[in-house]
Structures are given as structure tokens and as C-alpha cells.
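In these notebook entries I record what I looked up in one structure.

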Amino acid sequence: MLDSRKTLLRTGGFEFHTRHLLIIAVLAIAFTTAFIIRSYPAKYGFYLNEFDPYFDYRATKFIVDNGLEDYWRWHDTMSWYPEGRDIPKTSQSGLHIVAAYLYLIFGKGISLLDFTIILPVILGSLTTIIVFALVRSLGGTTAGMFAALLFAFTPSIIQRGNLGWFKSEPLGLFFGLLSIYLFISAIKHREKKYAIAKAVAGGLILGLANASWGGVQYFSIPLSIFFICLPFFRKDIQVPMYVAIAFTIFTLVSAGAFPRPGISFVFGLPGIALIGSTAFLIIANFLKKISQPRTVARNTLFLLIAFFTIAISFLIAGTYYSSSFRYLNAINPFLSSQNPLVESVAEHFTPTLVDYFTDYSILLMFAGFGAWMAFKRRDDMSIFALIIGLTGVYVSATFARLMVFSSIGIIVLAALGLYEVTRSILEYREHSASRSTTIKSSKSKKRFEHGRVQTPMKRIIRIAYVVIIIFMLSIPLLDYKGILYPQNSNWLSSADVPPSIANGGTGYRLRTDDWINALDWISKNTPKDAVIAAWWDYGYWITTLGNRTSLADNATINQTRIATLAKMFMEDEEQGIKIAKDLKADYILVYVVGQRYGGVNGTSFYTLGNGGDESKKQWFIRIGGFNELNYLEQDGFTPTSQFWNRTLLGHLIPFTPVSYASFQQGVLTNIQPQYQPGSIALHTKNIKYPDNTEENQPLRLVYSSDSFRKDDPGLVFGVLIYKVNYDYYTQKTSATDNLTKENMLQKPISLSQNGDGTSSAAVDSSTSKEIAVINTTQGIIKIEFFPNAAPNHIDNFKKLAQEGFYNGTLFHRINKDFVIQGGDPNTRLNGTGREQWGTGGPGFSLPEEFNSIPHERGIVSMARSSDPNSAGSQFFIVLNESRFLDNQYTVFGRVIEGMDVVDKIGALPTIYNNQPTNLEAARIQSISIKER
């Protein structure tokens with residue numbers, strides 16, 4: 001395609017040609033375009049975007065301020081109070097470390113906050129160069145230039161790497177694609193020393209990429225498939241074999257060196273896939289050497305069959321470290337989460353065909369042609385392009401977040417397709433012209449260039465083709481009026497995404513300071529040790545910008561805590577406030593988004609439901625285990641009177657519905673006092689817990705954001721903060737429950753201590769004559785039962801123990817300083833894979849027997865799902881006081897001997913999802929029932 005060989009500069013043996021100048025120009029355009037588009041949100045202000053970047057900034061700042069050594073020991077006590085969080089073990093350490101050292105090297109004269117805001121834009125722009133190099137290795141220079149330009153414009157990649165998106169994706173993609181380029185470049189080398197050097201570098205970078213973004217585990221899929229395909233599409237596989245060995249070893253070493261992914265990557269599905277496919281390549285190379293030429297293909301096919309048989313057996317046996325649900329779901333799209341918390345996250349939604357057409361438009365056609373040409377050629381590089389294209393689209397079919405991988409695959413194939421279409425059309429016309437033209441004069445001879453005829457028709461065809469391609473690619477770029485493309489959905493408008501902190505996490509393209517001011521108020525007007533209860537979405541903002549302790553955040557490392565918060569909001573006022581006090585919360589924060597309209601019959605009204613907690617209530621209901629029919633109307637969104645009158649959230653939202661109506665052509669019609677299908681609620685402002693009152697009340701509204709206080713028509717972004725009154729109690733609450741927060745922290749309620757540190761419950765605490773003896777690999781644990789508190793659960797536990805149901809199971813969940821949990825039959829040696837641990841049971845469930853026995857150290861309680869009546873065989877032992885679990889789980893016993901054994905199990909090393917690293921160290925050998 002680039003035929004010009006005109007030399008512009010010669011230095012030694014290197015010649016700088018005109019085509020090199022063109023390549024530099026195209027890459028400069030790609031880089032600059034990517035930078036400008038990704039910087040577009042700057043018009044709303046210079047902020048970190050979304051939620052996670054605030055945590056990542058805080059963690060990066062910790063390294064800059066305290067050093068790497070302290071970071072490795074950092075147990076954050078400001079998040080997930082009171083347990084805290086082991087930061088290196090539960091976060092993307094690679095991102096924090098790389099960003100911190102980049103700032104120390106290049107960040108002179110700029111604040112760390114500004115540096116982290118602009119860093120994703122720089123990384124995304126630089127990745128265009130990496131994409132060029134990768135696709136150039138696969139399909140040539142022209143295809144590489146096409147790919148660089150396409151990468152600059154693709155919406156799914158822009159949206160996960162624009163200004164302020166200081167999350168894992170930009171750095172993870174940069175390192176991931178760089179490692180793939182080094183791998184492909186190594187495969188193409190003929191000299192082993194250079195090939196292995198590139199493979200080592202690529203492996204180290206891929207390991208770092210996995211430590212920066214968990215999604216990079218995806219690259220293990222196309223790489224493993226490619227290793228297996230190589231013997232079938234390449235005659236000489238000796239150099240690829242050495243490359244695969246070096247690449248795999250150093251990927252595993254690099255990823256395993258970080259606490260996360262650590263050993264779970266090495267012995268999880270991604271690491272095992274790389275190890276297994278590399279072993280396949282080694283054995284295939286050996287077979288090629290010892291087999292006759294006519295039997296090589298047959299023997300390799302037999303090896304493939306044997307390999308898949310072993311792999312399937314390995315998967316069925318489950319003898320590997322469990323991967324995250326998202327990774328497993330990406331591999332198996334039919335795997336259902338059945339977890340409302342997972343389903344509530346927008347980036348976990350399944351993309352539709354409309355999403356693919358909106359994001360890729362005309363690229364789908366060129367990608368299809370590129371895939372066909374790659375299959376037709378069937379050389380090793382074409383096969384890799386085909387693999388990365390197909391696997392990228394496959395894994396993206398599960399989560400919207402993974403469309404970055406379908407984008408990469410489609411960009412690679414579309415670039416190859418564009419190149420092939422362009423080359424085929426232009427070369428065909430050139431050859432046709434050369435065959436039909438007769439050269440009769442020296443003037444005609446000047447029209448030849450490199451043996452090809454330069455005819456006027458050829459120029460017309462070339463210009464027409466370029467115009468058509470530019471027009472086709474411009475439709476999704478410039479059709480802002482929605483004539484040929486969905487309005488506000490074109491490629492450029494996809495970059496017009498305000499930072500969440502600026503638009504309140506809503507879909508509006510505007511800026512509001514409500515959240516910024518509210519968090520600033522928290523940092524200046526609340527005690528430094530204050531604990532803020534809020535929905536988990538806002539946890540990172542509270543700890544980073546509010547500089548206060550939060551109960552939960554976007555890490556979702558304790559789903560029980562999130563379910564407890566949901567229950568706090570959805571329980572009645574008395575129970576909800578009790579849960580808040582059990583969680584030791586000083587303040588409760590709620591966020592309400594609505595719109596204020598002018599007077600109707602002289603009265604202003606509000607409509608709600610634009611992105612705040614009022615829009616998330618259905619998830620509160622599901623995650624908390626409540627019946628939606630009791631709280632929502634037929635449309636599944638409009639709250640019922642029971643929501644407003646019976647739930648704490650209904651009291652916290654400072655509005656009350658007064659009538660219902662319909663909007664027709666922007667006009668309010670059919671105003672009526674009761675809900676009717678198709679109508680929307682009209683509200684008036686009604687603060688149920690005002691601050692300007694002398695009345696003794698459980699909560700006080702101590703802060704409300706600016707737009708809520710104003711009475712102007714327009715949008716309302718109401719950030720409301722209530723102070724918990726620990727001195728408040730009603731007639732239903734006994735005087736012994738009327739304790740201050742300080743007393744609650746110092747002295748448990750109505751409990752006496754046993755000699756081994758466990759507690760004696762004063763309510764429903766009469767014990768049985770029988771005890772359970774749990775024989776573990778760490779020693780003996782003895783528990784006594786509370787038969788008056790939970791008779792059905794105790795009978796079931798004893799029956800299962802006597803039948804040997806628990807024999808060989810694990811304490812599969814070890815949450816340090818919180819609980820150890822066991823009793824799942826899936827955890828036996830012949831059970832299912834790790835991804836299913838925590839889902840097993842006896843095949844039936846029990847009605848709840850919640851009681852008032854506090855969840856203190858040594859208490860034994862039944863585990864369950866979000867359904868209160870779902871307990872079966874799984875139980876947990878409490879390591880430290882966890883009163884927020886009270887009245888939500890069935891307490892049925894307590895440890896009377898062997899708490900030291902419980903502590904040993906509770907101190908065992910774990911992988912990311914709290915599963916023990918050494919399985920045999922957490923094994924339950926048997927449980928027997930004996931007389932005291």
C-alpha cells in the first residue's frame with residue numbers, strides 16, 4: 001500500500017522514506033485525536049470520574065506519602081468499619097505502584113490529584129501507538145495505521161479511559177496490549193535470543209497488567225487458544241515453543257508476586273490455561289520431531305483430543321483456585337449470578353445488539369470481511385487476529401464493561417478488513433489499467449510508476465473510494481442530529497460524559513456542586529472519628545473527599561454488610577435505626593434526585609426518580625431480602641404507601657407523595673389521589689427529622705445540599721445527612737438498650753464472659769445437655785446449643801452431623817477478625833469447583849428462627865442468602881463482636897471449648913474471595929453429637 005520509496009534522509013544504513021513520514025503523521029493524528037476526545041469532560045471541571053478512582057487516588061497518595069513498604073502493610077481502618085480492609089490484598093496494587101512512581105518521576109510542579117486526573121488520557125493516547133505496532137505485526141503497516149485511528153474513536157474504550165478515569169482499565173489495557181505486541185513480535189523472530197528476550201519482557205508486563213486490572217485475565221484465553229493452534233498452522237514451532245515457555249513462566253512469576261492476583265492467578269483458570277497450553281505446545285513440538293511427515297497431523301490431533309479430555313476432567317474435579325464470578329461468567333455466559341448485588345451494578349448489565357451497532361457501526365462490516373480474509377489465509381498471524389477478534393466479542397456478551405475487549409477484537413479485524421478492501425480495489429484497478437494501456441510515446445512512459453499505470457480513471461477511482469470510506473466512517477462520528485444514527489449516541493457524544501461527582505451520578509450532562517459541597521461539609525463539621533452510614537456507592541467519596549470512616553464501599557468485599565445496610569434502609573423506623581446503632585454509625589447519608597416544577601393550583605411539586613437512592617430502592621429491597629410487592633406498585637418502581645410509612649428510607653427521603661398524574665405532550669393531566677398504572681407520583685417537600693425542633697427524635701437533618709434548599713424550578717440533587725441520636729429511645733426500647741455509642745464500644749449488652757473469652761447470652765440462652773464436637777485439622781471445637789432459641793435449626797444441625805453430612809467439608813470462607821464459615825457439601829474433595837463454594841446445601845431450607853442473642857465472639861449462627869428462610873447446612877462462628885448481624889441470622893449455639901482452634905482457622909492465609917489458600921488446614925474431618 002505504501003509504495004513510495006523516495007529517500008528523505010539517510011543515516012548510516014538507515015533510510016528515512018516518504019512512507020515513514022506518512023506513518024509518523026498518521027500516528028500523530030491518532031494520538032492527538034485520542035487525547036482531545038478523551039479530554040472532552042474537562043468542560044465540566046477537572047475531577048476524578050466515577051467512584052473507584054477516588055479510592056485509587058487515595059491508595060496512590062498513601063504510597064507517595066508513606067512509601068511502598070508501608071503500603072504492603074496497610075490495613076485501612078477508614079473503610080468497612082470496624083473490620084477494615086487489607087489494601088494490597090484486595091485492590092489493584094499494580095495501578096497504585098506504577099502511578100505513584102510515574103508521579104515521582106514526571107509529576108514535578110503538578111499535584112498528585114491533577115496528575116491522576118490526566119494520566120488516563122495520556123495512557124489511552126499512547127495505547128494508539130501500541131495498537132499500531134500490534135496490528136502492524138499481524139497485518140502490515142497500513143492495517144496498523146487504520147487500527148491506531150480506529151482505537152482513538154471507539155466509544156467503549158473512550159468511556160473507560162477518559163479524563164479522570166483513574167481506574168484499572170487504561171493502565172491494564174496499555175500494559176496488556178504491549179505485552180501481546182511483544183509476544184507476537186517474539187513469535188515472528190527467527191533468532192532465539194531476541195525472541196526469548198521479548199517474551200520475557202512481555203511476560204513480566206502481562207503479570208503487571210494483571211496486577212493493575214483483573215480484566216487482563218482475559219488475555220489468557222486468546223493466548224492459550226493460540227498456543228494450541230500453532231502446531232496446526234505453522235510448520236516450525238520450535239521458536240514459538242521457547243517463546244511460549246518464557247512468556248508463560250514470567251507472566252506467572254510477575255502476577256504471582258503481587259498479593260492480588262497472586263497465587264490465585266497461578267493456580268486459577270488463567271494460569272492453568274497458560275501452563276496447559278504451553279505444555280501442549282511442548283509435546284506437539286516433540287511429536288513433530290519423532291513422527292513421520294504423513295503422521296504429524298494425525299498424532300497432533302490425537303494429542304489435542306487427549307488434552308481436552310484431561311482439561312475437562314480437571315475442570316469437573318475442581319482442583320484449581322476459583323476465579324471471580326465475572327471471569328467465570330465471561331467464559332460461560334449461561335452462568336447466572338442469582339445475586340441482586342451483582343445485578344444492581346450498571347457495568348454488569350448484558351449488552352444488546354443495539355449496543356454493538358451503536359458502538360461499532362460500519363466497523364462490523366469491515367471486521368466481518370477481515371475475519372473472512374484471516375480465515376482464508378490461515379497463517380499464524382491471521383489465526384491470532386481471528387482468535388482475538390472472536391474471543392473478544394464472545395466475552396463481551398456477558399458484561400457491558402467487557403466491551404473493551406470486543407472493541408479491541410473488532411478494531412483488529414476491521415483494520416485488517418479495511419486494508420484488504422483498499423488494497424484489493426486499488427490494485428485491481430491498477431492492473432486492469434496496465435493491461436489495457438499501450439505506451440506509444442515518451443510522454444506516456446512518464447505515467448508509469450514502479451511498473452504501474454497512472455491513468456486519470458485510476459485517480460478518480462482512488463479519490464472516490466477515499467471519499468466513500470470517509471463518509472461511511474463519519475456517519476457515527478458527526479451525525480449529532482440523529483438523522484442516520486441514534487441522537488446523542490454517536491461516537492463523539494459518547495465522550496461527552498460528565499464526571500459522576502459533577503452530575504451526581506445521573507445521566508444529565510451538566511455540573512452541580514451538591515456532592516462536592518456535602519463532602520466538604522462532612523470533612524469540616526463532623527468529628528474525625530465519625531462513622532458515616534450510606535449506600536455502598538458513596539463509600540469511596542466519603543473516605544477520600546469526606547475524610548471520614550465508611551461502612552461499605554464499591555469494593556463489595558463484604559456482601560453481608562451491604563445486605564445489612566439494605567435492611568437498615570428498608571426496615572421500619574425503629575429496627576432501621578437500631579441497625580444503624582449496632583453498626584455504630586454517627587451519621588446516615590441519603591441521596592435523592594428529583595425535579596421541581598412550578599405551581600399547580602398554587603402549589604409547587606416534585607417528581608423523583610432520576611438516579612439517587614429513590615431510584616435504587618428496588619435493589620435495596622432485593623438485596624435486603626424483602627418482598628417487592630409490599631413496597632412497589634405494579635410498575636416495579638413507584639413506592640407504595642407502605643414504603644413511605646413503614647421504612648426508614650421512606651422517612652429519610654424528605655418528600656411525600658400527594659397525588660398522581662400523567663404527562664402528555666409536556667402537559668400534566670389526570671391528577672388523582674391514588675396511583676393508577678402509567679401515572680407518576682407528585683411530591684411535596686416534607687422533612688420528617690428536622691433540625692430546628694426541640695422534640696426528642698431518633699435522627700436530625702444536620703445538612704442538606706444547595707439545590708435541595710432552593711425553591712427554583714429545575715433539578716434537585718439532594719445530599720442529606722442525618723445525625724444519629726444515641727440518647728433517643730421509645731417506650732418499646734428498654735432502658736438497657738439506651739446506651740451511648742461510647743458505651744456500646746466499651747461494653748457489650750447483657751453478656752457475661754466465659755473463661756476462654758466467649759460470651760454468655762442472657763436472652764434465650766438456656767443450653768441443652770448435648771454438645772457438638774467438631775473435629776478439624778487444627779484441633780477440636782466444642783459448641784453448645786440454645787434449644788429454646790432455634791429448635792428447628794438445632795435438630796437439623798444434629799441430624800446432618802449424625803448422618804456424616806459435614807465430614808470432609810471445609811471452612812470455605814475465612815473473613816479475618818469477622819467470621820469463619822463452613823458446612824457446604826460442595827467443598828468436599830469430590831465436590832464442585834471453588835466458584836460454587838458457598839452455594840451448596842442439603843437440598844432443603846429452613847424457616848428463619850431469628851432471636852435476640854447477640855452475635856458476639858464465639859457465637860455459632862446459620863448462614864443464608866438474601867432470603868431469610870434459606871438456611872440449610874452452612875454455619876459460621878463469630879471471631880469478633882458483630883452486632884450488626886443481630887436479628888438477621890439464626891443464632892443456635894456458641895463455642896464452649898476450642899476458641900483457640902477457631903482463631904487458628906481464622907488466621908489462615910486466604911485468596912481474594914476469602915477462601916483458604918491451604919485447603920487441608922481448614923478441613924472439617926467430622927462432627928459428632930455427644931452428651932456433656
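Entry 1: The contact involves Leu22, Ile23, Val26, Leu27, Ile29, Ala30, Thr33, Ala34, Ile37 and Arg38 of helix 1, and Thr141, Met145, Ala148, Leu149, Phe151, Ala152 and Phe153 of helix 7, where contact means heavy atoms within 4.5 Å. Sorted by class, the contact of helix 1 with helix 7 has 14 nonpolar, 2 polar and 1 charged residues. In this sorting, Ala, Val, Leu, Ile, Met, Phe, Trp, Tyr, Cys and Pro are nonpolar, Asp, Glu, Lys and Arg are charged, and the others, Gly among them, are polar.

I then looked up the angle: the axes of helix 1 (residues 18-38) and helix 7 (residues 141-153) cross at roughly 15 degrees and come within 8 Å. Axes are lines fitted to C-alpha atoms, for helices over the stretch in contact, with angles from 0 to 180 degrees between N-to-C directions. Helix 1 and helix 7 are therefore roughly parallel to each other (angles under 35 degrees; over 145 is roughly antiparallel, 65 to 115 roughly perpendicular and the rest oblique).

**Entry 2: the model.** I recorded that this is a predicted model, in which local features need pLDDT of at least 70 and side-chain atom pairs count only at pLDDT 80 or more, while totals for chains, interfaces and linings use all residues. Residues are numbered from 1 along each chain as its sequence is written, and side-chain values use heavy atoms, with hydrogens and water left out.

**Entry 3: two single residues.** Is phenylalanine 55 buried or exposed? Phenylalanine 55 counts as buried, at 5% relative accessibility (buried is under 20% relative accessible area, exposed over 50%, partly exposed in between, with a 1.4 Å probe and protein chains only). Phenylalanine 55 lies in helix 2 (residues 52-66). Leaving aside neighbours within four places in sequence, I found phenylalanine 55 in contact with Arg85, Ile87, Ser91, His96, Tyr540 and Thr544.

Leucine 68, in helix 3 (residues 68-72), counts as partly exposed at 23% relative accessibility. With neighbours within four places set aside, leucine 68 is in contact with Ile63, Ile97 and Tyr101.

**Entry 4: salt bridges.** Side chains of opposite charge can pair when their charged atoms come close. I searched the whole structure and found 30 salt bridges, each a side-chain nitrogen of Lys or Arg within 4 Å of a carboxyl oxygen of Asp or Glu. Glutamate 69 and arginine 73 form one of them, at 3.2 Å from N to O, and both residues are exposed.

Aspartate 537 forms a salt bridge with lysine 616, with the closest N and O atoms 2.7 Å apart. This pair links distant parts of the chain, 79 residues apart: aspartate 537 is in the loop between strand 7 (531-533) and helix 26 (539-544), and lysine 616 is in helix 29 (residues 613-624). Aspartate 537 counts as buried at 12% relative accessibility, and lysine 616 counts as buried at 16%.

Finally, I noted that Lys43, Asp496 and Arg509 are linked in a network of salt bridges.

Key: Helix = DSSP H or I, 4+ residues; strand = E, 2+ residues; numbered from the N terminus.
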